[in-house]
Each structure stands twice: as C-alpha cells, then as structure tokens.
Amino acid sequence: MGIVKTKNLTFEYIRRDDEGNVEGVTKAVDDVSIDLKEGDFVAILGHNGSGKSTLAKHINALLLPTEGSVIVDGIDTLDTDQMLKVRQTAGMVFQNPDNQIIGTVVEEEVAFGPENMGVPTKEIWKRVEDSLKAVGMFAYRTASPNKLSGGQKQRIAIAGIVAMKPKCIILDEPTAMLDPKGRAEVLRVLHELNEKEGVTIILITHYMEEVIEADSVFVCDKGRIVMQGSPKEIFSHVEELKELRLDVPQVTELAYELKKAGIPIKDGILTNEELVRELKNVYYR
Ligand code: ADP
C-alpha cells in the first residue's frame with residue numbers, strides 16, 4: 001500500500017444559518033480513490049474550486065472525510081487518537097509564507113515543530129541545522145524571517161516541516177505568491193528533498209512548468225480526479241486540458257500547434273530539447 005491512500009473519499013462543506021439549519025452543501029471532493037507511492041513526486045492540477053485544497057487538507061487530517069477514508073502511512077485519519085502521528089508523517093506547507101511564520105529568528109522558527117513534538121533539545125538543534133542546510137538557508141539561521149524574500153520565507157516554512165522528519169510533504173500552491181526566482185528556489189529544494197531524502201512530495205500548483213518533472217500527475221475537476229498519469233501522458237491530452245481550463249507548458253502548446261498544422265511530431269512534448277529532436281527527425285531524415 002502507498003504512503004497516502006484515499007478510498008471513495010467524499011467531503012461536503014455544510015453552510016448553516018444562525019439557528020444551525022443547513023443553508024447549503026458543497027461537495028468539494030467527490031468519490032476520490034488514489035494511491036500515492038512512497039518516494040514519488042506527485043503533482044495535483046486543477047482550476048480554482050476543483051477541490052485540490054480540500055483533498056490536500058485531508059492528507060494531514062486538517063479535514064476528515066464526510067464519506068470514505070484516508071490512510072496515511074497505514075493510519076486511518078478518522079482515528080483521532082493518532083492525529084499527531086498523521087500530522088508528523090504528512091506535513092503541510094501553504095501558499096502564503098507570512099501566515100505560517102511566527103518566530104522572530106529563523107532557527108527558532110524551524111525548531112518550533114520538533115519542540116512541540118517533544119524532541120530532546122540536542123536532537124532539535126541537529127535537526128534545525130540539517131533542515132536549514134537542506135533548504136539552503138543555513139547562512140540565515142540567526143536572521144529575522146521578516147527580512148527575507150518570499151522564496152526564502154517559503155524555504156524556511158519548508159525547513160520547519162522537514163525538521164519534524166515527515167515522510168511526506170503536501171504543498172498547496174507554495175509558489176503562487178513568489179517571483180520566478182523564488183519559485184525556482186522552492187522547486188529545486190523540493191526536488192532535492194525528494195531525490196536525496198526520499199521524501200514523498202505532493203505539490204498542488206497552477207504552474208505547468210512545475211509539473212514536468214513530477215513522477216505522477218493528478219488532474220481535479222469538480223471534486224473528482226479526471227485524469228492521472230505521467231506528465232508525458234497528461235500533456236498528450238492538450239484538448240482535454242483546455243476543456244478543463246488548464247494550460248499546458250509553452251513548448252507542449254507549440255508542438256501541439258505544429259502538429260495541428262500538419263507537421264508529424266509526437267504528442268506530449270515537454271522540453272525544448274525534445275521538440276528540437278522531433279523537428280530534426282522530420283526535416284533531416
Ligand atoms: P481548489 O483548491 O481547487 O481551488 P477548494 O478545495 O478550495 O478548491 O474548493 C472546492 C470547493 O469547495 C469550491 O466550490 C469552494 O468554493 C468550496 N469551499 C472551499 N472551502 C470552503 C469552505 N471553507 N466553506 C464552504 N465551501 C468551501
């Protein structure tokens with residue numbers, strides 16, 4: 001069984017009036033069954049309101065299923081006695097780093113999680129050092145988080161989660177508020193954590209370029225998973241993605257338009273190099 005498994009997961013937000021009567025129900029996740037392999041880099045795509053955040057919040061037990069189940073590293077999130085264990089196994093990073101950072105000194109901020117978990121002091125400082133090195137922020141350990149750029153703050157937030165030694169990190173649009181440099185920094189750190197430490201990464205993103213190097217991709221629409229596969233498989237379906245109001249990487253779009261214009265190149269081109277190779281095949285054969 002994978003590190004994160006959902007079985008027929010359904011979640012409804014229920015709106016009530018002042019007297020507690022139900023005013024409306026939104027089914028935000030609708031019968032989702034997924035099985036994520038430990039050590040994978042997983043991307044979740046979908047336009048606004050498709051249920052990505054709601055799904056993500058179930059993986060670290062911030063929300064509990066209305067129906068169905070979520071199993072994180074063998075623990076059912078409905079087993080509330082084990083909630084801390086679930087949160088320690090699957091850490092969550094949100095969009096806005098300013099809402100997540102509370103400490104006044106970087107290393108205190110990173111120490112906060114393991115301190116709360118009751119990790120012995122000596123071990124805490126070792127973890128803080130290792131985590132800050134893993135995100136490339138050790139040189140800033142005595143800095144004030146307020147003075148850092150958005151990308152640096154987000155890396156501190158990630159270090160705070162890494163210090164709790166999670167097997168899995170879920171990131172809900174962590175780069176949405178960052179400039180291109182900050183986005184690249186955060187992405188590099190995530191791939192390093194995945195490759196060097198074997199941490200399972202679940203990345204919710206709007207940026208198609210961030211999906212290209214994922215091991216698997218899930219596409220949400222109206223609370224359901226409507227496509228899943230490798231980036232190559234997903235981006236071979238340009239028309240369907242457009243119908244779901246999603247973009248494709250620029251080079252995939254270019255290749256798709258060239259093919260539509262009659263040039264015989266394959267589907268699912270993800271990099272400039274691949275496109276150049278394909279065009280060379282067509283014209284210099
Ligand atoms: P996404 O992350 O893909 O933008 P969300 O999971 O945030 O999607 O939202 C899925 C659906 O649930 C949307 O229709 C949204 O309006 C609704 N929703 C999200 N959060 C709440 C909430 N706290 N209360 C009521 N409805 C919500």
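This is a predicted model: local features need pLDDT of at least 70, side-chain atom pairs count only at pLDDT 80 or more; totals for chains, interfaces and linings use all residues.
Which residues have the most contacts inside the largest nonpolar core? I went after that one before anything else.

**Cores.** I find 50 residues in the largest nonpolar core, and those with the most contacts inside it are Ile158, Ile169, Val219 and Phe235. Apart from that core lies another, of 27 residues, with Val32, Leu55, Val72 and Ala90 among them. Background I keep in mind: nonpolar side chains tend to be buried together in soluble globular proteins.

**Phe235.** Phenylalanine 235 touches Leu45, Met208, Val211, Leu241, Asp247, Val248, Pro249, Thr252, Gly268 and Leu270. I note that Asp247 is one of these contacts.

**Pro231.** Next I checked proline 231, which sits in helix α8, residues 231-234. Is proline 231 buried or exposed? Its relative accessibility is 5%, and the cut-off for buried is under 20%, so I log proline 231 as buried. Leaving out neighbours within four places in sequence, I get contacts from proline 231 to Val211, Ile212, Ala214, Asp215, Val217 and Leu270. Val211 and Leu270 turn up in the contact lists of both Phe235 and proline 231.

**Helix α1.** I then went to residues 52-59, helix α1, and found it mostly covered, with six of its eight residues buried. Which residues of α1 are the buried ones? I have Lys52, Thr54, Leu55, Ala56, His58 and Ile59. Leu55 is also listed in the 27-residue core. Just after α1, alanine 61 has a positive phi of about 60 degrees.

**Whole chain.** Stepping back, I count eleven helices and ten strands in the protein chain. The radius of gyration is 21 Å, close to the 19 Å from the globule rule for 285 residues, so I put the chain down as being as compact as a globular protein of that length. Along the principal axes, the C-alpha atoms fill a box of roughly 65 × 55 × 35 Å. Of the 285 residues, 49% count as buried. How about contact range? Taking contacts between residues at least 6 apart in sequence, 61% join residues at least 24 apart.

**Surface and charge.** The accessible surface is about 14300 Å², and carbon and sulfur atoms own 48% of that. Last, I looked at the charges: 35 positive and 46 negative, with their mean positions 4 Å apart.

Conventions:
Residues are numbered from 1 along each chain as its sequence is written. Side-chain values use heavy atoms; hydrogens and water are left out. A nonpolar core is a set of buried Ala, Val, Leu, Ile, Met, Phe, Trp, Tyr and Cys residues joined through side-chain atoms within 4.5 Å. Buried means under 20% relative accessible area, exposed over 50%, partly exposed in between (1.4 Å probe, protein chains only). Contact means heavy atoms within 4.5 Å. Helices (H or I, at least four residues) and strands (E, at least two) are DSSP runs, numbered from the N terminus. The radius of gyration is taken over C-alpha atoms; the globule rule is 2.2 Å times the number of residues to the power 0.38. Accessible areas come from the Shrake-Rupley method with a 1.4 Å probe; for residues, only the protein chains shown count as cover. Lys and Arg count as positive and Asp and Glu as negative; His and the chain ends are not counted. The place of a charge is taken as NZ of Lys, CZ of Arg, CG of Asp or CD of Glu.
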